[in-house]
Structures are given as C-alpha cells and as structure tokens.
Amino acid sequence: MLLASPMRELDQLVAGSDPLDAARDAPRLPALNRAGDIAGLDRLARTWHGRVAANVRDTVTAGAALRDLGFALASLERHGVDFRSVPGAEETLLRLGARTGEVPRDSVYTYALRNPEDAVRSFTELPEEALFIREVRTAGVALRPAVDALLEALPLPAEDPALAGLLAEATRGFTVFAQSLLAVKRAITPQTFSGELRPYFPPMTVGGQVLYAPGGAQMTPLLVDILLIRPEPGDRAEEWYEGYLRENLPYLPAAYRAASDRARRHRPLLPRLVDEAGAHSPVRPAAARTLAGLRALMRELLRFRLPHLQLAKANMNIRPDGSLGSGGYTTDSLDHLAELTLARHRLLSGAPTEK
C-alpha cells in the first residue's frame, strides 16, 4: 500500500480548493490579529462559516473548509474569545471532521501541507511564520516516500537485497526533514516562536474533547518511529509509548492511521533486522548492507531528534512554568523519544559487522 502519491494528490486537491472564498479575505487576517480586532475577526469567522453549508460537497472541500475556519477560529481563541461564540461553529467542525475522517479542527496538515502556496493563509505577517509554513511543508512532503519505503521493508528478511535501497530511500527523506528543522531552528528564535506564533496554536474543545493545535507529534515522524524503533513488549518504555500513540494517532490522516495499524502487526524494523543479521556469524554480505543502511537512517533520525529536543527546551525555558507545547506536551515526551532513539542506536551500534 503506497501512500506518497495518494497523500500528495489529496493535499494538492485540498490546497487548491477554496469553498469558502477565503482567499479573497485571508490577507486581512494578519492585520486583524496584529490589531487585536476581535469584532473584525468575528465578522470574518461568521462570513466564512456561513458559506460552509452551500459550498462543502465532498472530502476535499471539507478539508479546505477545516483549514480556513481553523485559521479564523484559532485567531479568536488567541485573543481570548471562545470559538463557540460563532453560532453553529462547533457543530460545523464536527460535521467537517466526520466528512474528512480527520480531527474536527485545524492540524499540521491543514496549516502547512494543504496551505496553498500561491495564496498562503497565515496568522501573522512575520517572515518567520512564512518560513515555518514552508519548511513544515517541505519536511512533510519529503517523509511521504520515506514512510512508503519503510512500509515496503516491513516484511522483508535482513538478507533481502531490496532492503538497502529501501533504507536509502527512507534516509533521503529523513535527511530533508532534518534539514528543514535545522532551518527553522536557525531562523526562528524562541522569543519569536513562543511570543509571536505559539499563541495562535491554542487547544480547542470540540464535541467535549480537548483537541490540540498543529504540532510536531502529528507529523509523519510518528509513523517512522512506529515502523522503525517503537518499544516492544516488556520494554520499560512500552506503556508510556502506547499512551503517546493513543493521544496522537487520531491527528493523522486516515491513510496514515491505516498504515500505523498495519505497521503494529509487525515487529519494528530495527530490532528485528539486528536480530536477524546477528543470527549468522560472520554477518552475510546482504545483511551487512542492511545494517549499514539502518545506521545511515538512524544518524538522520538523531540529527532531527536531538536538535528538536534542544529547540523545544529553549522555547519552554522562556515560557511560564507548566506550559505545554502546541501538541499538548511538555518536553518530557521529547526526552522519552530521544531516550528511545538513543537506545535503538546503541542496539544497532552493537550489531556485528561483516568480516
């Protein structure tokens, strides 16, 4: 089951859809936010909301409506106004979520991957936000073929000659992903992100459930972790990780959730392939190439994960005690993920090599 092409097509179709005629008024949103013009934001939200019933016909237009209502309603929340002050907004979000098969609010997919490049929606006029949207989009696109490659690798034995190419494909995607994060880290200071951008990513209660704003936990590294390094039964991190998945898998698009279900029926790739490769001494040539491919991929995973942890901690250090990230977490969760990644890296580092 390949995901890259269908997901790319869906994202492009949603990005090109404008059922609420929001492109005409979206350029006003940053100025309204800068001025704290609650009355103007309320009028804009009501205008867009009023166009949903007549213009949303299918999954694509529902996804575009979630995107644009998300920008308007999150802006109200940022300025202290409950989005439910817009009559019928909560019920509309629930219907749109049911139509798309996704969470009934904006997500990292609507914010970046389904945000039209030629008519970008944004909360602010900051160049840092424009860069943030662009780099998140680049990262998300790069990981699609990486996930496909790892899905294809799931059932293959360590000595299968196809594994080296699949792991190389996954590594290329993760290299781009890590580079995008580093670009964000270099260009956006913690003061700018925490002070200027983070307030536009508030949690929202929809249908009695607290739903978190666009965040990194919603992105496809979640799938890469499931496929590659997740804890196995008996691992001391298993209970925490299963809770982490329960909280974050619902934010993935339906195709990615299905891929997660498929992945979890298999052992994670890294420990399985290390075990299989080490079953023969010396390691056979094809298995040695598999281990070399895993080492290259893990280097890129660490090149993403450790700077991401540093970046998150730098932001949390300037926020009030007890603050959460946009995904609803403290940095403890990132600590757990870093520990898991390093433990898998150590396991791989101890694997035998070809003689």
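**Aromatic pairs and helix packing: worked exercises**

The count of aromatic pairs comes to 15, where rings of Phe, Tyr and Trp (its six-membered ring) pair if their centres lie within 6.5 Å. This is a predicted model, in which local features need pLDDT of at least 70, side-chain atom pairs count only at pLDDT 80 or more, and totals for chains, interfaces and linings use all residues. Residues are numbered from 1 along each chain as its sequence is written, and side-chain values use heavy atoms, with hydrogens and water left out.

**Exercise 1.** Classify the ring pair of Y111 and F132.

*Solution.* 
- Step 1: The ring centres of Y111 and F132 are 6.2 Å apart.
- Step 2: Their planes stand at 50 degrees, so the pair is tilted (under 30 degrees is stacked, over 60 edge-to-face, the rest tilted).
- Step 3: Locate the residues. Y111 is in helix α7 (residues 108–113) and F132 in helix α8, 21 residues apart. Helices are DSSP runs (H or I, at least four residues), strands likewise (E, at least two), numbered from the N terminus.
- Step 4: Check burial. Y111 is buried at 4% relative accessible area, and F132 is buried at 16% (buried is under 20%, exposed over 50%, partly exposed in between; 1.4 Å probe, protein chains only).

**Exercise 2.** Do likewise for F123 and F201.

*Solution.* 
- Step 1: The centres of F123 and F201 lie 5.9 Å apart, with 90 degrees between the planes, and the pair is edge-to-face.
- Step 2: F123 sits in the loop between α7 and α8, and F201 in the loop between α10 (190–197) and β1 (204–206). They are 78 residues apart.
- Step 3: F123 is buried, at 2%. F201 is buried too, at 2%.
- Step 4: Ring pairs link F71, Y111, F123, F132, F193, Y200 and F201 into a cluster.

**Exercise 3.** Describe how α8 packs on α11.

*Solution.* 
- Step 1: The axes of α8 (residues 127–153) and α11 (residues 221–228) come within 10 Å and cross at roughly 20 degrees. Axes are lines fitted to C-alpha atoms, for helices over the stretch in contact, with angles from 0 to 180 degrees between N-to-C directions.
- Step 2: α8 and α11 are therefore roughly parallel (under 35 degrees; over 145 is roughly antiparallel, 65 to 115 roughly perpendicular, the rest oblique).
- Step 3: L143, V147, L150 and L151 in α8 meet P221, L223, V224 and L227 in α11 (contact means heavy atoms within 4.5 Å).
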